[in-house]
Each structure stands twice: as structure tokens, then as C-alpha cells.
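Reader: I have the model open. Can you walk me through it?

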Amino acid sequence: MTQILFKNINMKDLHTMKVYEEQGGYRSLKKAFAQKPEEIVEAVKASGLRGRGGAGFPAGLKWSFLAKDVFPRYLCCNADESEPGTCKDRELMLKNPHMLIEGMILCAYACRIETGYNYLRGEFHDLNVIMEKAMEDAYAKGYLGKNILGSGFNFDLYTHLGAGAYICGEESALLNSLEGERGEPRMKPPFPAVEGLYAKPTVVNNVETLCVVPYIVNEGAEKYASLGTEKSKGTKLVSVSGHVKKPGNYEVVLGTPIREIIYDLAGGIPNDNKLKAFIPGGSSVPMLPADQVDVLYDYESLAAAGTMLGSGAMIVIDDSVNIVETTLRLISFYMHESCGKCTPCREGTRWLYQIVEKIMQNKGQLDYIEKMEDICDNMNMKAFCPLADACVSPVVSSIKYFRSDYEEYFKNVPVSSV
Amino acid sequence: MSGFTFSAEQEKEIEHIFAKYPFKKSAMLPLLTLVQRAERRVSPEAMVAISKKMDCSPAYVQSVMSFYTMYHAEKVGNYLILFCINISCQLNGCDKLLEYTAKKLGIKVGETTPDEKFTLHREECLALCTEAPMMRINDTYYGDLTEQRIGQILDSLD
Amino acid sequence: MSDNEVTLTIDGKSVTVPKGTKVVDAAKQVDVAIPVFCYHEKIGPLGCCRMCLVEVEKMPKLMTACTMDVMPDMVVKTTTEKVEKAQKGVLEFTLLNHPLDCPVCDKGGECPLQDNTFKYGMPDTRMEFHRANNAKATPLSPVITIDRERCIACQRCTAYSERIEQDQGLVMLNRGFHNEVGTFNNEPYDNRFSGNVIDICPVGALTNTDFRFKARTWDLTNAATLCAHCGCNCNITMGTRLNKLMRIEARPNDAVDDGWICDKGRWGHHFVHSENKILTARENSRGDGKPTSFPVLPHDCTIEVAAGKVAEAFKKIVEEHGPESVGFIGSPYGTNEENYLYQKLFRHCLGSNNIDHKTYQDAPGLPVSHYDVEQIETSNVVLLIASDPTEELPILDLRIKKAVTTCGTRLVSLNDQKIALDRYSSQSVQYKVGCEALAIDALTNGLARELGESAPAQGSDQSGVSAEDMKSLVETVRTSMKICVVYNPSALSGEAVFGVKRLLKMIAKVPTMECGAMPAAPMTNAVGAMDMGLLPDFYPGAVPMSEQEEIKKQWGENAPTGTGLSALEMIARAGKGQLKALLVHRSNPVMDFPGGSQVVEALKKLDFLVVHDMLETETAKLANLVLPSNGPGYDEGTTTNIGGRVQARTKALETDHAPDWKIINLMLNALGDETDYDKVADVTEEIAFRVPGYQEISKRSVGKTGCNRESIASADELVSAKPAGPGKNGSLRLRIATFLFAHDKILEASSKLAHHFQPSTAYLHEKDAQRLGIEDGDTVLLSAENVNLEATAKVNNRCQSGGVVVPRVSDEQGVNGLIGVDGGMAWVEVRKV
């Protein structure tokens, strides 16, 4: 399978400047500086690269939205990686930090940005050390700082650590957090491309997205676009976890059947259990039952199947599990991570938790399912940001496909309390 | 309230932090983190000191501090154990292992050992799902946990 | 429809509004009410509560009307099935853990949550679990109670603290369901404007502790009236029940208070029912304030008799000793009608111009436009001279902050002390205490030079302002294009105030300059008192004594036109036995005038002293005859605020006692003037007829929001500044500063604001402190005029070296005693105890 991001990922000392340069690292800079910034933006557009953090928004298009002639402008790399099931950015930064730096320099050049911040989640302290060392080396080599490679282009890069809040992975909450505030999302419009960091035009991109850019500059947009499907170009890192024999981060060409990812790459289900369900894009997307395992792994196929590609985390669940328990754990996550700003999310996540908890205590009423569906309807697309929608995903999909798991619990409810 | 003062070294670090941003306000999280790591908690006195550096009110500092889970009002032990209980880890049996860990330390989840050595908390996804179940102790990640491995790790920390 | 307007359709109705209007506000224009909780026009959209979700054609999901700007040809629907379901859903979430406290909640009856639930919510709840418990009825401050169970986390109060007060005192703590409103380390939420959160809280989470359980809101009778504390004259609603004042709320008036009131206005109203109120007329045996059984004035005499006696006594004295032997000390706390009638009494009936209301020098009128408060927002530069709005005119503090942070206005402060607003100023220039005249003249001269006029060279050292600072200040003023000068005449010593008028004239000469000013004395009706001619050298409407023809035309051939005595001169003459009779209205010279015990001695020498006041005072103790004044809450009339806006005070409480204007009317009658005023509006009408600038003022034009009187031009002044004399043996110049929450007759010991009272403090510059061997926190004694005042020293460079700032924190402090009875600059010795 074509490997772009993971080509050398396990090479020894890839995180050092010496080895990285030996592998062709940073050669894209010269190539880029010979072009106009707008040409790079066009190339990224043509490549079909979509945001790899979860939203899947075309990257080149996002870059082109930057408010014209407004300076200074900023680049923020979203390394907040907190979506349950997702750990791909961690591997990228741990083993190949220079690739991210190179990608950020190219993006900054293309968007005429002179200052960049890499927002890492607070728990990535060890990765921060690695990133800072890599940046130090990049500065020493003149890849960062003033007049990079004599191009006249300046770019300063800094890292910034968060402090434990999933919501800060949402781009506007990330910006608020970077500005030293509570990580509550902002009203949109205005969008970050117009008023982002410090109210200036800002590009916010995921780690993986930025890591792809050197390839596009080196090999050309067509080559990247030759991989994948019509609407999902290129490759995607997938973090496969849960009930699989070989959990890990795998790079797949978009359009690969999910069956291949689960059974071939990740070795299938251990302990002779059978696949029951899988969540294809991190916990915030609807889950699918085992009979959907032949769906292709790309944005449009998954959308057609009623779910999303999301962050690229395949969570595999076997038939030893009652889905209700899993759902409760996920609702609990969203309840903890809700920022509390808006009523439907703050109250709704907690109410859903209370209801499912009651069900699992064998005290659920028969109308709970209908009630939950209605609560989800009152939360979905009515809250300030998509976190409420993320909480709704596992609830609605688990009821849709695994209603019987819920009904298991009702069987145990003493007659008198019904 | 007796005051909290930054050490000379910390002052240097703070200057370095301020230099990274065009606006002072971005230094809020870095300063809180600095204090949390040094003191193992962020006290009201420290918040006042930070507010003076940041030219904002202590209430604002407290507002930001109380939002993020990595800042603690109560002192945490020398080793803060964050045990992931999110979906991938749950599917791989973290609940039982967490119970085991709590029993081994002789405390309930959320508590600190009497000698202030260990604090044990549940934590949401820490981004090591492919090595589930996992835990984070101070700055180190430990994955592929079993009862045996947990025992080894805890015993190795002094 | 111009470029700046947008037309859209809401529920089938077409509406055109300015660009940038939110949909929720546009809807109001066509009587479509979209329910909200977190949205507040002054605080701005937050998007927290989701109550205002509406359907917009072509948009995939429901949108919040409060955060959405209107777009051309937008089609908005607020009553579709989808919207109604969403509203029910949001209300269900909002009420999910909200306690069913309505029967015991003060907000009941004026609660948006009740109202919205009734209109848009479900009749039943599906929540069958225990509702979450949280802290109930906890003191957030001594005057605000917070009930965290009721809080719906709409963030209105925290946004208010951040955006309006701008001190971030009230914040959101924690995250998610644990979100709660709080302060730093549970300290009290204690500042000057905290009470406004009570008005804006959409539920009963933040309530008025003073009002707690006192009355149901629907039992209250509400009077639309004015606050009577400072010169802002904020609009308020007084809620009364069974003729007792229960509470005060803000009554939004964009032209004055922008919807807010300060905490003194909100809770400083207990004086209305004070035990120390003077309720009936009485005669005193001099010096002890106890009523006697003088047969001439029976104990329960009617006000007519008392008024008649006063008139009789004064008439007799005038006949015997001439009109120069009687005087009137009025008050900037009197209404326009009261002040007008009193000056009419003394001039028309007694032929005396010995009329005054202040101890500082000033003259009415301005050489430039009289700007109203709103113009602070539209000015490019606001120049504060000797003004400290935070302590003197709190709502002005909020307005200036708003202008600086949202309207691009620049603030410049020219003062002898550091003020709280320095944080917002782009330039804070400090002159030495007592050197304001020099500093102001230096500014005027600097401008003159820029305009090519000749002007004396500046001796910068004398005023304490460096040449660079002054140059920079001149430049700022010169290039401002629209400047609003806010100056406090009561804080300007000597004749410095005329320097300000000269400065204004000079500023107005700068080409393409728009200049306006606001005389910002802290007292309620200081501007009105000047306008009504409570002055020895001006008739009402700023007509100077020199305009004899005009005076005689307006006031009759016998109208006196010789300059009378100022208030301080009256005291001096009384001390010499030359002034025989004095009437004091709503003023307390013993406490408030410079001179301390000398004032007492002087007043004792009078043949006849009448005090007409609301509360028992030290001066009333010395009076022969005391007349009752109803005061705010009971009185009616108009006052003119610092912006020249005339507004109406209406009464909230009923009383049998005659209002002041009626009492004065009786005195006028007794002295031969036959005018009979049936109601206070009759006096207002006469004012409109007689007082230049007040022609358009009537009950109708004033209405509920007030009406600006015409700008009144000032007469030419030719006084030039004299440098203040040197200090004697290292003594320091005294600067008495205003402190908003002073413990005085209005804020008594039992006041709800007593927690704000401060001890006597003297602020020193470190140079002086070092020289005098004083350290921060030491107890010191300030001595002058045989008066010793104890204070705690604070060495924080609040003023420049050579001065000491002493905020007036209580009557007891007796700080005015340190100033000589002639009111000049006070020099005090400061030494450690």
C-alpha cells in the first residue's frame, strides 16, 4: 500500500536533522520558494487534500479564504489530538517532527504567514521536548527564522501547550485557548480565515494535513490526486484500536475497504470473537454494525453510510460487549468535556448519561429510548458547537443498530417499576 | 494571604514565555503550567502573582485555571497517575486494571496516598489508543498495561 | 434604502434596519418577539442560551437570532413547527435542574424564565431524576445574594463584568455542568456597579439582599424618577409598597446612564426613611436642637405659621439693617424649582444678592457647547481636568470605559492625583496639588503658540508638569478634531476654573475643531443651581450683575444689581456681626465648609439662623428655626445634570408634609409676592418663562427621559492665574478627594453599603514620606488651623511631592476643618504619631 507519511516512519533517528535531510527532508523548500505563494495554494487545492483532523474541509480552499491584504496573519497547527481512538498525530510528531515543521513552513509561505504556533495538547509534554529540539535544529539550519534560504521569506515557529480540554481541538476554542482564555468556542462568523488569532486572519490545520504538504510540493498535486477516490484523494492515517490483534496507526489509500483495515492490517478480532460494531472516525461519528464492514474507507462512502470519516480512528468492537456500556462511556466523555457554555450540551449530555446509567442499573423505563431519541433531536444542530452533535452520534447510532442491547436491560427491570 | 513569589529562574522562564507572543494574554496557560509543575497545584496566592504579571484580575486567572483539567487546586502527589478509561481502553479491560491499581496503592480513585507519593485519577482519552490500556504518570506514557506491568512500573518509581 | 440599510422579511413582515443589526432586534421593530435569555442589548450577543433559535430560508439548521446579522432578502420564520419544537427543547434543558422555587423566589412576577416557559414551554417535565443541588442563598457580597441552583449559566453577569465594568470581578468557574458564577477565592463581588447584575439576571439567581422577601414585585408601585446622589442624575424606578421604599432599579436612558446605575444609587436610599429626618418645623433654643415650648411657635404649628415666622423675621431685619444683612446659602442638592424660588425670594422680596450654594469659585455658562453624556462616545478625545469620575460620577466612569474600548475615543487625564481611570487613558498628566491654574494656563498658552498667537513662555517647573508632557498634551488636544472637556469645578482651587473657560475658548479657536464641555461637579444639581442663579453675581440663566438693563427688564425695576456676598464671605461677615440673618437650605456649613469651629462661632453670632433641611445636621443644631424638607423619594421637580439635561423627579412616596416649593411659596406670599403655585409644574413653567436657556423646558418636553436646556454662554473673564504660594516649613498642600461611599448623613452607620466605609487615610509621595520619616501604614496626624486629623499613611505617590491627598471618608473625620475659613489653599503639617 502506498505510504506517504509513514514511508520511513520507523527509521532510526528520523527525528534528527541529519537523518531527515538524508531522506530528502526540507528539499521542498527550495522548490516552493521558486514558485509564487499562490501557486502552492493552487497545488494544494488541485491535490484534493482535505483536512485530516476531523472536518474534512478542503485544505487549499481553506487557505484561499484568508482575508486579502490583512496582516499580520497566523498559522496554527492543531496538535490537540483528543478525539477518542485517535493517536496518529502523536506518532507523527514523536518520530518525524521535521515533517510537520517542513509542512508548516510551506503552508506559511503559501499563505504569506510569518508566525506559526503549534498547539499541542497539554499532556504531550514529551512530544513538546522533541518538537522544540527539532525546531531548534531547523533554526540552526536556517529553515526557520529570517530570510529562509535567501528567499526573503521569514517564518517564526513556536509551540504552545494546552492544559487538558478536548474542546480545544475545535479550531475556534483552540484560538481562544491560545489567547489565554477559557477554551470556549467562538461565534462563527467571523471565521478564523478572516478573524482568527488575535482577530487576525489565521489558518488552523491538523498535524497530518500539514505533513502531507511537502509531498505535494515535491511530487506534484497530480501524483497525490492519483491516489484515492473521486472526492477523497490521497492517503489517510488510521488509528485502529479496540478489539483487534494488531492495534496501531496504519496509512491507507482512501477508498480501501474497511474490511481490509480491520482484518488485514490490524489482524482481525482476537479470542475468536466476532465483529459486532465499529466506529470509523473517532467516537464523535455514528457507529456502524458489522454488516457494513465492506463500506469503503473514504469521505463520501462513509457519508453515504450515514457516518463520517472524521479524525481517522477505527474503534473496533466485538460481540463480547453490550453496546450500551460502550455508549455510556462515550456519553460520559462528552459530559466531562462539555465546556458548559450552551444549555443543550451542558444539560443534555448529563441527562443522557443519567438515563443510560439508569438503564444499566436495570431501572430503565420503556419510554427511555423514545425519550433519548427526542433529547438527541433537541440537541442535534441546536447547540453552540458540534460537541453536542458528537455526543448524539453514539446514542442515535447505537439505538438504531443495537436496540436489542438496550432491550436486554429492560428485560431485567422488575415489573413493579415499569 | 501570604504572597507567592516567582524564583529568579522562573522569572527568566517567564520572560522567555512572554517573548513568544505578540500579546501578553497568551502567556496565561504557560504561566499556570509553570506554577502547577513547580508547586504541584495552583494556589490562590499563585493566582494573584500570575494576575499581576498578566495585568488582569485574579478572578480571571481562576476562571481560566478552573476550566482545564491539568490544573489542580489541591496539591497532587509526586506522581500523578492519569488512568485512561475512554472507549479503546475500556474495550481492552482498563476498568479492572484501574481497580487493581487503586487497591495496590491503597486508595480510592481520585485520592492521594498518605505519603503524598501517588495521586490516582481517571482520565479521558490521552491519545495512546493503539497501546490500550494505558496510563500517564507525570510526563511518561505507559501502554499495553497488565497487572504485572502496572506493579512493575509503580515499584520502579521512588 | 441606502447602502447602510438592509431589508429582510420576518414572519412575512418586511423590515428595513441599519446594517449590522441583529435579527432579534430587527424583529422587535415589527413586533415579533423572539424569546431570549442571554442576549442583552448593552452587553451584546453571547449565543449561550439557544432560546432565540429561528428558521432561516436556505440555511440547513436553525440559527440564533441574537448572533445573526441581518442580510439582504433574508427570510426569517419564528413560528414554524421546527422552531416551536426547538424552543420547547431548549426550555426543557434550561429547566431540567432548575429548582421549583417560584413560590419563594423574589424574581417571580418579573422573571423571563417564567414568562418564556409560560409562552413557549411544555406544561410538564420529563425529568424524573433528582435535580442537581448547589449552593442556595449565598452572599455574593453584603448586598447581592446568589442562588447557584437557579443559575442557568447564561453568562450575562460575567459578560457584564468583563465588557461593561471591565474589572473581571465576576467570572465563570469550572467547566461543563460544573460551570458556576463566582469570584476570586470566594471573595465578595464588591465594586461600584455590582448591583446591575440583579437587573440583568434573567432568573432569581442574583437577587437584591436588601429587598429579599420584602415584597412581591406585582405589589410594588413603581415611580419613574431620578437618583439624587451625584451629578449624573441616572434614571431609576423606585418601587414602593404601603408607602415604604422597597427597592431601586435602573430605568434605562441611553442619554444618561446607558441602562446602569451605581451601587450607591441602588442601595443608598435608606436615608428616605431615616430616623434622623426632620419632620416638622420647630424652634430651637440655640445650640441644643430640642424643641422648646416657645409660645410664639407652638409645638405642632402648621407650616404656614412657621413659614410666616421666617418671612416676618427676615423682613424685620432687612428693614432694620438693610438687605446686605441677610443671606441665603442654598444647595446643589435642591431641585431647580426650589433653588429658583429661593433666589426669587431673596432678590425680589428682600432685595438681597447674598445668595450662594458653594464654597469654590465658579461662574455659570460655557464658551463652547455644553456636551451631553452621549457625546463622550462620539468625541475623539475626552479630557478630564481635576475630575475623578470613578468616585465622583460613577456612571460617567462606565461611559468613558465604553467609549475608550469600543468607540475609539482617547482619554486624557489632567489631574493632581492618580485616578482609577488612568488605566484607560492614553495620557495621564499630573500637576502638583494646588497648581492646577498653572497647568491649565500652560496648556492654553501652548495651544495659543500653535495657533500663532503670542503667549507667555511656560515655566514648567512650577506646575509640576514636564515640558515634554505638556507639549504632548497640547498636541493631543490640538489634533483631536472633536474633544469633550470634563472638568470638576469643585476640585479646582482659587480661580483656576476661569482658566478652564479660557482654555475652552482657545481650543474652540483651533480650525475644524468641535469642542464641548461638561462641568462635572459631583453634586446632583450643581449645574441647575448655577443655572437658577444661586450666585451672588449672576441672575438665573447666567445673566451677570453688569447686565443691569436686562435684569430690570426681566425682574423689575427694583431688582438688586449689586454683587452680593459669596457663601464664605457670608460666614466671615456673620463672624464679624455684620450679617444678621441667614437661611440655609439643604446645606451643612458646619461640616462641609472650610473653617471648622470658626464656622460654628460665626453662625452663633447671627441674630437669626434658619435651617431648612431633610436630615438633622450640625448646622440645624445651631438654628433658631428649623424647617422640614421632604427630600428625594417625596419631592418633585427638575434637576439639570452634568450634560445640561433637565429631567423630572417624580415622587414615589406620599406625605402630608408640604413640599419645599410650597413652603417657599408661603414665604413669598408672606413677603408680599402674590404668585400662587398649585403644582410644581407651575414653577417649572415660570422658569421656562424667566430663565434664559430653559425656554423649551416643560413637563411635557422633559417627559420621562429629559430634555437638554440650551447651552448657556459664559461671560468674559479676565482673571489670570497666580502661582500658589510656597509651603511653610515643609508642610504639604492638602487635596481633599471625593470618596463615593463616604459615611455621612446619607450613608449612615446602618447603611447597606457600610461595608464600603473606609478609615481615614492620607496619601503621600515617597519623597515627602521619607523626609518626614513616615512609612506605609503609620498613624499620622495632619494639623492645620488648630485642627488635628488622624489618618493612616499610605505612601503610593498618588500625588506629586509637596501634596497630600485625603479622601473625605466620613463626617466624623472633619477634614474641612483643616482649611482656613476663607477657603484658600490649606497647608498641613504631617507627622507621625
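Author: Let's start with a salt bridge. B:Lys25 pairs with A:Glu179, and their closest N and O atoms are 2.9 Å apart. Keep in mind that this is a predicted model.

Reader: How many salt bridges does the rule find across the interface of chain A and chain B?

Author: Two. The pair of B:Lys25 and A:Glu179 is a salt bridge between these chains.

Reader: How much area do chain A and chain B bury between them?

Author: About 3,800 Å². Carbon and sulfur atoms account for 56% of that area.

Reader: Why quote an area at all?

Author: The size of an interface is often given as the accessible area lost when the parts come together.

Reader: Now chain C against chain B. What area is buried there?

Author: About 1,100 Å², with 57% given by carbon and sulfur atoms. In chain C, C:Gln168, C:Arg175 and C:Phe184 lose the most area to chain B. Together they make up 53% of what that side buries.

Reader: How many residues take part?

Author: Chain C brings 13 residues and chain B brings 16 residues.

Reader: How many salt bridges there?

Author: Zero by the rule, across the interface of chain C and chain B.

Reader: What is the buried area between the two domains?

Author: Domain 2 and domain 3 of chain A bury about 1,000 Å² between them. Carbon and sulfur atoms carry 68% of it. Twelve residues of domain 2 are in contact with 14 residues of domain 3.

Reader: Which residue forms a salt bridge with A:Lys276?

Author: A:Asp405. The closest N and O atoms are 2.7 Å apart. The count between domain 2 and domain 3 of chain A is one salt bridge.

Reader: What about the domains of chain B?

Author: The assignment gives domain 1 (8–65) and domain 2 (79–156). The C-alpha centres of these two domains of chain B lie 29 Å apart.

Reader: How does the lining of the largest cavity divide by residue type?

Author: 13 nonpolar, four polar and four charged.

Reader: And where is the second largest cavity lined, nearest its centre?

Author: By A:Arg121, A:Glu123, A:Gly164, A:Ala165 and A:Tyr166, out of 19 lining residues. A:Glu123 also came up at the interface of chain A with chain B. The second largest cavity holds about 120 Å³ of space. Its lining has eight nonpolar, five polar and six charged residues.

Reader: Last topic, backbone. Which peptide bonds are cis?

Author: Here are two in chain A. The bond from A:Phe71 to A:Pro72 is cis, with omega near -5°. A:Pro72 sits in the loop between α4 (59–64) and β1 (74–79) of chain A. Another cis bond joins A:Pro189 and A:Pro190, with omega about 5°. A:Pro190 is in the loop between α8 (171–178) and β4 (202–206) of chain A.

Reader: What is phi of A:Leu149?

Author: Near 50°, a positive value in a residue other than glycine. A:Leu149 is in the loop between α7 (125–140) and β3 (156–161) of chain A.

Methods:
Residues are numbered from 1 along each chain as its sequence is written. Chains are lettered from A and ligands numbered from 1 in the order in which they are written. This is a predicted model: local features need pLDDT of at least 70, side-chain atom pairs count only at pLDDT 80 or more; totals for chains, interfaces and linings use all residues. Side-chain values use heavy atoms; hydrogens and water are left out. Ala, Val, Leu, Ile, Met, Phe, Trp, Tyr, Cys and Pro count as nonpolar, Asp, Glu, Lys and Arg as charged, and the others, Gly among them, as polar. On a 1 Å grid over the protein atoms alone, a cavity is a set of points where a 1.4 Å probe fits but cannot get out, and a pocket is an open set with protein on both sides within 12 Å along at least five of seven lines; lining residues have an atom within 4 Å of a point. Grid points are joined across faces, edges and corners, and a volume is the space filled by probe spheres set on the points. Domain bounds come from an automatic or database domain assignment. Contact means heavy atoms within 4.5 Å. Buried area is the accessible area (1.4 Å probe) that two parts lose on being put together, summed over both. A salt bridge is a side-chain nitrogen of Lys or Arg within 4 Å of a carboxyl oxygen of Asp or Glu. Helices (H or I, at least four residues) and strands (E, at least two) are DSSP runs, numbered from the N terminus.
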